Amino acid sequence: MPEPILNLKEVFKTYKSKGSLFGVRPAGLVKALQGINLEVMRGEIFGLVGESGSGKTTVGRLISNLESPAAGSVLLDGEEISNLHGRRLKAYRRRVQMIFQDPYQSLNPQLSIYESVVEPLVIHRIAVGRERMERVLEMIQTSGLSPPEAFANRYPHQLSGGQRQRVAIARAMVLKPDFLVADEPTSMLDASYSAKIFNIILEMRRRFGVAILFITHSLAAARYLCDRIAVIYKGRLMEVGTAEEVIHSPLHPYSQALIDALPKFGVSEGIPRYDTLLEVERDGADAAGCPFFVRCRKAHRTKCSREVPALEALKPGRYVACFFPGNGGGGDGTGL
Amino acid sequence: MPIWTRGSDTESEAQDKVETEHRYDPSLIQRSQWFGQLMEGWAVFIKNPLGRVGIGFLVLFGLMALCSFIPPWIDPMYRPMTGVDPEIARSTGPSIKHWLGTDFMGRDIFSQLLAGARIAFLVGVSAAFMTVVLGTAVGMTAGYMGRFVDTFLMRVADIIMIMPTLLFVLMLAALFGRLNIWAIVLIIGLFRWPGVSRVIRSQTLSLKQRPFIEAARVAGAGHLRIIFRHIMPNVLPLSFLYMTFRVTSAITIEAALAFLGFGDPGTVSWGMMLQWVWKTGHMFQAPYWLLPPGICISLITLSFYMVGRAMDEVLDPRLRKEEEVL
Amino acid sequence: MKETSAEGKSGSGAGEVLLEVEDLIVGYRTKRGFMRAVDGVSFHVKKGLSLGLVGESGCGKTTVGMALMGLLPPNGEVKAGRILFKGEDLLKNTEEEMRRVRWKEIAMIFQAAMNALNPVQRVEKQIAEAILTHSPELSGKKVLRQVEGLFQMVNLPLDRMRDYPHQYSGGMKQRAIIAMALACNPELIIADEPTTALDVIVQHQILEETKALQKDLGISMIFISHDISIVADVCHDIGVMYAGQLVEYGSREEVFGDPRHYYTRALLESYPTLSGEKRDLVPIPGETPSLVDPPSGCRFCDRCSASVGECSMERPDWLEVSPTHRVLCGRCFST
């Protein structure tokens, strides 16, 4: 039985939005996360899939302790992380690392690759002298930059975006963390470079047994990397399950819409079309119901607009937040 | 596992590489890298015609400052302040003995001009250094700390910024009599930092938002490390740039003060020379006396400005990119 | 189904050639010498059909688009080749003549199009201006009606016409940009990474709409993207570019159904898909070669799984797989 390493319990996060100058738009609260429950197992790659503004990046920032939740708790090995300070925060930082989305912005332009990668070791006073150097070089090599000596002396501006992202991976992994947050690590890169990054992430898991939260907007990418996938929409989880389950038999209309939207390379056989997205959005954006109600073709006019469906388990490990799970299509290819 | 570095070999390969690399010395490499970057910047800088001309003039002025010790060593009558040619007691035009002529009491103008270069550098660079150190420290503190520290420091900066430096120095001079040259440097330093601090603050603010700062936080870096390792190296080039512009303004202020008669009476600066020309009524009679210090002041400020502009190009990635492509 | 109808159209070959590019060589003067960003590229676009140019960043695909529009940066230069648009060589045009062709006959949707809208002007006004620049004789009312038509065409709500760009979402901005490109009824639209910054669902919608628009209006398109799945979805013909050269060129069915160049194959193998068995992704090893001093033989040989000794020595020749499908690879028939 795999044991969980990270838990999110009823996590809420709100941001203050500034009102406009003449009060046309009042200042208010943007609800980024509305009660997220998550569990990531030791050594697992967990995919968090959603569009921009869904709150997926916020989840990553909460876990890496760049921000604190408004309510709820984030637990690493059962220990609450949001009120860590001083030495205990530093110990936490050693165990949880992050890869950022934009490799052009996430490396200090003034530091050489070696200096960037060695910094976490310096901060945590791990290894000294040759041992430290070897550890850095080894991690640069494992990240696919070979020979590492040639890269160690370069500066970020001398590398391509993909190479920079590898450096960022090396910097995150040099501490051999237990948990890694990867926030859309390939969205700024050429599509053809993604596979390299994916394979390096898999290699890191294989070697160091690190658990990974892989944040992405692409279900296809999540399929290749992840053991389990959660689909997030407007700060709520819509569906959780193993990667194959979510991709081959999605139950939530939103996950189904995401699958419909993926490019098919001109071949459509074997891929069902769910067709759950409305052409024109419904009125009722401020309705108290399901967040997907306004875009959902399958929604029930009264029930879905009034009640928020809870994320409920259909069977162990398979959750969906919909009153009519699997209502759309069901994979028979008829497209309803 | 198909990893492109050919699967299971990776580990042993990496190990081999590390084993065989015995002479790998990070300290050596960092230094040479830093030097390399500097040289790279220099290469861009020196391509710029402005930078080339500016540096050329500055080297010339530097030589003048260095040579200012030679004439008094040859003959005491060439001492810029106290040396008087015993045969001449009035202003005379250029001659072999006095290349640029003499002033109203028979002092050598050429050796005064050389001494003036030394003073210009001294005042310009030390005042600018003070402004920039102050401005950078305040700007970084305000930008990084934010909240009320930011508000407080920036209000102070605003207040000082709107005070006219020259007027204030004049008032001080009127209060305390003649100011010595270091007092002038100090006052310029204390009054000219707000502009720098504003720029540094906004730069710090934008850096603070950059993901690499967040990455450092995730790595466990404390405030001091973030400030000194991540923000400062990215801010210092800008400070350095501002320093060249501040040198210009410091030299101008000192010259203006001296010309108005509030300079340090114990030093020979170009502004001082102009004041003597003016006070003794030689303004329109002795161009050999009036023009050299005038031209020197204009040229030295111009060349610092040009150097600054050329550095701007080195630092501005957009301008630099174009340079690289062309 | 949409796919079969598109195939029917390209298969009939009825579309006459609108744009023909022959041996185009474009480069940039750099510190280290002349960099041939585009090195001998030939292709054509038929009336009413779309061509996809796909390749990694730095392969020269954007430069091709810029050269077609006559919008190269100051240090860029067309060294050789011909760009025949409706039989007329655009490269011989003066800047004045080029300005008339631009937007009116060939429009472009730029990379990072989100920033192409003027933030201080209402969207309606911006599109109206685009129309007026090229047909100043139109009355205000007529222009307004045209703008309304364009808004409907790209599925933008009419009540948002008088909004400012910042009030639009990313997808809406992109639609506004497309409307602007359509404003002067161009015959050819060059779209450079038009959906890169968009979310999956919005991207899908816009691509579907673009396809439909193109079919309905009979516009030709050149789609430039690094994402092979996007061109596979939208385009009738595909040109795969690598290191400044076109390496494989043919109809979508030919290029994706029977990829011959090892680079095309590698691109496909490195792309994660939903269909079929889950397989391991095979990344393309190495990095792209320098264009200042490109390898003398096949430019892909260092990264190619099938390269043999002579690949790095001899320049490969074009080989015809079929009359509409050609490959720049000496070994494409060996397996």
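## Chain B

From the N terminus on, the elements of chain B run α-α-α-α-α-α-α-α-α-α-α-α-α-α. That comes to 14 helices and 0 strands, where helices (H or I, at least four residues) and strands (E, at least two) are DSSP runs numbered from the N terminus. Of the 326 residues of chain B, 38% count as buried; a residue is buried if 20 or more other C-beta atoms, placed from the backbone, lie within 10 Å of its own.

Among contacts in chain B between residues at least 6 apart in sequence, 69% join residues at least 24 apart. Two residues are in contact if their C-beta atoms, placed from the backbone, lie within 7 Å.

## Model and confidence

This is a predicted model, in which local features need pLDDT of at least 70 and side-chain atom pairs count only at pLDDT 80 or more, while totals for chains, interfaces and linings use all residues. Residues are numbered from 1 along each chain as its sequence is written, and chains are lettered from A and ligands numbered from 1 in the order in which they are written.

The predictor gives the complex an ipTM of 0.85 and a pTM of 0.82. Chain C has an average pLDDT (the predictor's confidence in each residue, from 0 to 100) of 82, and 93% of its residues score at least 70. Over residues 1–14 of chain C the pLDDT is below 50, and this stretch has 9 contacts in the model beyond near neighbours in sequence.

## The sheet of chain C

In chain C, 8 strands form an open sheet with mixed pairing, in the order S6-S7-S8-S3-S9-S10-S12-S11. Two strands pair if DSSP finds at least two bridges between them. Strand S6 (106–109) and S11 of chain C stand at the edges with a single partner strand each, so one side of each has no neighbour in the sheet.

Strands S7 (residues 188–192) and S8 (residues 220–225) of chain C run parallel and are joined by 5 bridges. Ala191(C) has Phe223(C) in S8(C) as its bridge partner. By contrast, S11 (residues 318–322) and S12 (residues 325–328) of chain C pair in the antiparallel sense over 4 bridges. A hairpin connects S11(C) to S12(C) through 2 residues, and Leu319(C) stands opposite Val327(C) in S12(C).

## Where chains A and C touch

The contact takes 32 residues from chain A and 29 residues from chain C. On the side of chain A that touches chain C, helices H7 (191–208), H8 (219–225) and H10 (253–261) each supply at least two residues. H7(A) gives the most to this side, with 6 residues.

Conventions
Buried ≥ 20, exposed ≤ 12 C-beta atoms within 10 Å, placed from the backbone.
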